[in-house]
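Here's a quick briefing on a protein fold.

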Amino acid sequence: MSIFAAACPCGAASYDDCCGPLHRGAAGAETAEQLMRSRYAAYARHDEAYVFRTWHPRTRPDDLTPDPARVWLGLRVLDHGVDWVEFVASYEHHGHPGQLHERSRFEQRAGRWVYVDGDDVSGLSDRP
Ligand SMILES: [Zn+2]
């Protein structure tokens, strides 16, 4: 078995022990951070259905069609609380490297964590 092939996009060693069960619906995220990681992994794996169903209906966009030119490369969780996560997600877009630095907010609805919205805080991290 190739360790590389089984790695989780969120950075964990094993997709099957990490975000896989969440994507399959076999388990629910127990924390906001776990949900955030699984949503990143879903973006990386082009699982828009998972992104959609873990998004609060109040804030969720109608159209989640991904940009095929954007390739997600990695995730770093910088800090988190009970209902928020600050992270940096690296990507390449048309071959140009970029970073999304966001502080995301989450809520529990009927016992399940969902993403509400987030603030782009890239400007803060770019300060010298
Ligand atoms: Zn994962």
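In this predicted model, strand 3 (residues 96–109) and strand 4 run antiparallel and are joined by eight bridges. One place to look is Ser104, whose bridge partner in strand 4 is Gly118. As a bit of background, strands of a sheet pair through backbone hydrogen bonds, either parallel or antiparallel.

- Zoom out and you'll find four strands forming an open sheet, with antiparallel pairing and the order 1-2-3-4.
- Going from one strand to the next, the twist averages 35°.

**The helix on the sheet**
- Helix 3 (residues 32–44) packs on the sheet and touches strand 1, strand 2 (84–93), strand 3 and strand 4.
- The direction of helix 3 makes about 170° with that of strand 1.

**The whole chain**
- Overall, the protein has five helices and four strands, and along the sequence they follow the pattern α-α-α-α-β-β-β-β-α.
- A compact globule of 128 residues would have a radius of gyration near 14 Å, and the protein agrees, with 14 Å.
- The C-alpha atoms fill a box of roughly 40 × 40 × 30 Å along the principal axes.
- Buried residues make up 23% of the 128 residues.

**The annotated stretch**
- An unreviewed UniProt entry annotates residues 31–118 as "domain: YchJ-like middle NTF2-like".
- That stretch is 22% helix and 48% strand, and its end C-alpha atoms are 17 Å apart.

Terms used: Residues numbered from 1 in each chain as written. Predicted model: local features only at pLDDT ≥ 70, side-chain atom pairs only at ≥ 80, totals over all residues. Helix = DSSP H or I, 4+ residues; strand = E, 2+ residues; numbered from the N terminus. Rg over C-alpha atoms; globule rule 2.2 N^0.38 Å. Buried ≥ 20, exposed ≤ 12 C-beta atoms within 10 Å, placed from the backbone. UniProt positions renumbered as here; feature names shortened; annotations may be inferred. Pairing = 2+ DSSP bridges. Axes fitted to C-alpha atoms, helices over the stretch in contact; angles between N-to-C directions. Contact = placed C-beta atoms within 7 Å.
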